[in-house]
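Subject: Structure handover and notes

Hello,

Here is the structure I promised to pass on to you.

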Amino acid sequence: LYETIESQYIGSETAIETINQDNLIKIYSITNGIHIRMLDNNSADLVQLMSLDGRWIYSERNLGNEFNIVNKNIKGIFILKIESNKKQFARQIIIN
């Protein structure tokens with residue numbers, strides 16, 4: 001079961017915020033990566049970051065409800081996949 005969440009970039013806060021009514025995930029740009037915060041007491045059971053050519057850049061289990069993906073070598077457009085409470089969320093993100 002996949003659930004896609006649309007998102008929008010919020011320039012003044014340098015964040016991507018979910019548009020859907022559940023507001024489950026917030027993603028913030030940080031130095032050399034991104035900061036992810038799960039909302040409403042959700043936690044990330046599995047987090048994966050994949051390049052558009054299909055290479056896995058990052059994969060980690062049981063990260064809790066707030067964590068960073070940091071790597072000075074990751075820049076570009078990626079697919080971020082998060083599994084939480086037996087649901088999977090995927091979205092395209094840009095890391096500068």
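This is a predicted model: local features need pLDDT of at least 70, side-chain atom pairs count only at pLDDT 80 or more; totals for chains, interfaces and linings use all residues.

Residues are numbered from 1 along each chain as its sequence is written, and side-chain values use heavy atoms, with hydrogens and water left out.

The strands here are DSSP runs of E with at least two residues, numbered from the N terminus. In soluble globular proteins, nonpolar side chains tend to be buried together.

Contact here means heavy atoms within 4.5 Å. Ile27, in strand β4, is buried at a relative accessible area of 3%; the cut-offs are under 20% for buried, over 50% for exposed and partly exposed in between, using a 1.4 Å probe and protein chains only. The C-alpha atoms of Ile27 and Ile93 are 9.1 Å apart, although the two residues are 66 apart in sequence.

Next, the strand pairing, where two strands pair if DSSP finds at least two bridges between them. β6 and β9 run antiparallel and are joined by 6 bridges, with Leu46 having Glu83 in β9 as its bridge partner. β9 and β10 are also antiparallel, with 9 bridges between them, and Ser84 stands opposite Lys87 in β10. The hairpin of β9 and β10 has 2 residues between the strands, and Asn85 there takes a positive phi near 50°.

Asn85 also turns up among the contacts of Asn42, together with Leu24, Asn65 and Ser84, once neighbours within four places in sequence are set aside. Asn42 sits in the loop between β5 and β6 and counts as buried because its relative accessibility is 13%. From Asn42 to Ile25 the C-alpha distance is 8.8 Å, across 17 residues of sequence.

Two further residues have backbone angles to look at. Asp40, in the loop between β5 and β6, has a positive phi near 55° without being glycine, and Asp40 is exposed at 56%. Asn62, in strand β7 (residues 56-64), has a positive phi near 50° and is exposed, with 61% relative accessibility.

Last, the surface. Leu52, Ile77 and Ile94 form a nonpolar patch there, with about 290 Å² of accessible area together. Areas come from the Shrake-Rupley method with a 1.4 Å probe, and for residues only the protein chains shown count as cover. Patch members have over 30% relative accessible area and no salt bridge; nonpolar side chains (Val, Leu, Ile, Met, Phe, Trp, Tyr) are joined within 5 Å, and like charges within 9 Å. A salt bridge is a side-chain nitrogen of Lys or Arg within 4 Å of a carboxyl oxygen of Asp or Glu. Ile94 belongs to strand β10 (residues 87-95) and is exposed at 54% relative accessibility.

Best wishes

Key:
Helices (H or I, at least four residues) and strands (E, at least two) are DSSP runs, numbered from the N terminus.
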